[in-house]
Amino acid sequence: MTSAARAGGAAQNADVRRYQMYIDGQFIDAAGGETFEVFDPSTEGVIATCPAGGAEDVDHAVRAAQRAFYDDGWRGVSAQDRGRILFRLAERIRARRSEFAELETLNSGKPIVESEYDMDDAATCYEYYGGLATKINGEVLPVPADAIALALREPVGVAGQIIPWNYPLLMAAWKIAPALAAGCTAVIKPAEQTPLSLLELAREFEAAGLPPGVVNVVTGDGPGAGAPLVAHRGVRKIAFTGSAEVGKLIMRSAADQLKRVSLELGGKSPNIFFSDADFENAVDGALFGTFVNQGEVCSAGSRVLVQRDIYRKFIDAAAAKARTIRLGPGLDRDTRMGPLVSAEQRDRVAGYLRIGRSEAKLAAGGGVPAQFDKGWYVEPTIFYDVDNSATIAQEEIFGPVMSVIPFTDEADAIRIANATPYGLAAAVWTRDIFKAFRVVKALEAGIVWVNHMQPTFVEAPWGGYKASGFGRELGHWGVEEYLETKQVFINLDEKPIGWY
Ligand code: ADP
Ligand code: MG
């Protein structure tokens, strides 16, 4: 966070846009008047300022969300009408697709082509939950005679949602859309690095039919705005996507009030290549699995397990191809890898590159590219002969760093793949369908690909095993996180008790 004075200085530059947060249907500054700066990772220049929200702003937003839920009747809005609002949000994203994609790239650094896919995915997510809103129904249960038993589904109330900076508008969609489908109201905090696309979408909320207070966007950093949101007594449920470290803090804080929590945390996902896999596809799949979005992906396949008989050939081919990946500013259409999101993240990744050089052998990259004098770039990097117990094989790097590990046979691959505290994702590449399915069943991971890695559909569940968190987003699982289940027992016996 910078002081208001410093941000004020930057704001004198006409190109620096001044954003406000969105609470109770109004765009407003932080109660304390403080702001923070938002950067273009390709130039390191300030592009905007945002309010540095704190506990007072969080309280304002939660009260608005409570009022909208309990007093203003959001609970009573029909599922059909909630569905229509979600469809209108999707329409607005599709209508402003290029503008939103450019803003996303400007703020996050990611290639524009990837941002455009993200905008489509975000719109599809609102559409999916727009359709699902009218399919959330309870059950009538087959209990003995003289009673009817029902299970009703009801919204949990105000949801607090905290999202990361790697897929800003898409992660917001994964949170907002199911909450609204369930009938909840929400207070969402974007990451302090990338708040712009969500604030821009907030300009569409009223026109889409969202009443004031139903979705509130509070900007600020984790300790300043995220922590008070987790601790607020008016919040019934926290949905978080981010680091394992912060996930633990959130769970501890939420425990005080036994608040419901769903966590989508990191990973160190294995991408397993058997020697019978299609070789060209395998090399591409290893690079795409690790380097897409600069490797700033929770499901990055950053542990590449390669069978020994193709090991050397695989490393050579992957390294040769990695050197051809075109780095550059995200807004350049030919760019295939942009800068990392922040100086802090670049430094964090650079730290792992130093550790990697001492733990393993380097096949490609390994540093900060020389051709740029500005921008938080890191070369696509491949380490090999990595021991699975090495730091670069165990810790999530969240950057373009691949650790290649050899294995001998199927059992060896499974053992190495599961030897991590995490369990978010995994992939297996082979032409042998029996082997593929045996490995799929043996992997401890919430998402497993066969002969691909990374694409996912809104219809399918997303979330982790083990230290990668719990709860599932997307599909019908995603809406469960925002619903309570109420048992209703209706007695049909006119003299039901007769005990005393
Ligand atoms: P990173 O360190 O890569 O930025 P984080 O897990 O810290 O990843 O950030 C993910 C989200 O969690 C961001 O929106 C951030 O502001 C928020 N956050 C960070 N610390 C806390 C905290 N103590 N309480 C609540 N939210 C937090
Ligand atoms: Mg952090």
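The second largest cavity holds about 60 Å³ of space, and the structure in which it sits is a predicted model.

**Second largest cavity**
- The lining of the second largest cavity is made up of 16 residues, and those nearest its centre are P270, Y422, G423, A425 and E444.
- At least two lining residues come from each of α14 (410-418), β18 (422-423) and β19 (425-429).
- Sorted by class, the lining of the second largest cavity contains eight nonpolar, five polar and three charged residues.

**Largest cavity**
- Around the largest cavity stand G267, K268, G295, V297, C298, A300 and S302, together with E396, I397, F398, G399 and V401.
- The lining of the largest cavity divides into six nonpolar, four polar and two charged residues.
- C298, which belongs to this lining, is itself buried, with a relative accessible area of 13%.

**Cysteines and disulfides**
- A disulfide is a covalent bond between the sulfur atoms of two cysteines.
- With a disulfide counted where two cysteine sulfur atoms lie within 2.5 Å, the count for this structure comes to zero.
- The closest cysteine sulfur to that of C298 is in C125, and because the two are 14 Å apart, they are too far from one another for a bond.
- C50 is also a buried residue, with a relative accessible area of 0%.

Terms used: Residues are numbered from 1 along each chain as its sequence is written. Chains are lettered from A and ligands numbered from 1 in the order in which they are written. This is a predicted model: local features need pLDDT of at least 70, side-chain atom pairs count only at pLDDT 80 or more; totals for chains, interfaces and linings use all residues. Side-chain values use heavy atoms; hydrogens and water are left out. Buried means under 20% relative accessible area, exposed over 50%, partly exposed in between (1.4 Å probe, protein chains only). On a 1 Å grid over the protein atoms alone, a cavity is a set of points where a 1.4 Å probe fits but cannot get out, and a pocket is an open set with protein on both sides within 12 Å along at least five of seven lines; lining residues have an atom within 4 Å of a point. Ala, Val, Leu, Ile, Met, Phe, Trp, Tyr, Cys and Pro count as nonpolar, Asp, Glu, Lys and Arg as charged, and the others, Gly among them, as polar. Grid points are joined across faces, edges and corners, and a volume is the space filled by probe spheres set on the points. Helices (H or I, at least four residues) and strands (E, at least two) are DSSP runs, numbered from the N terminus.
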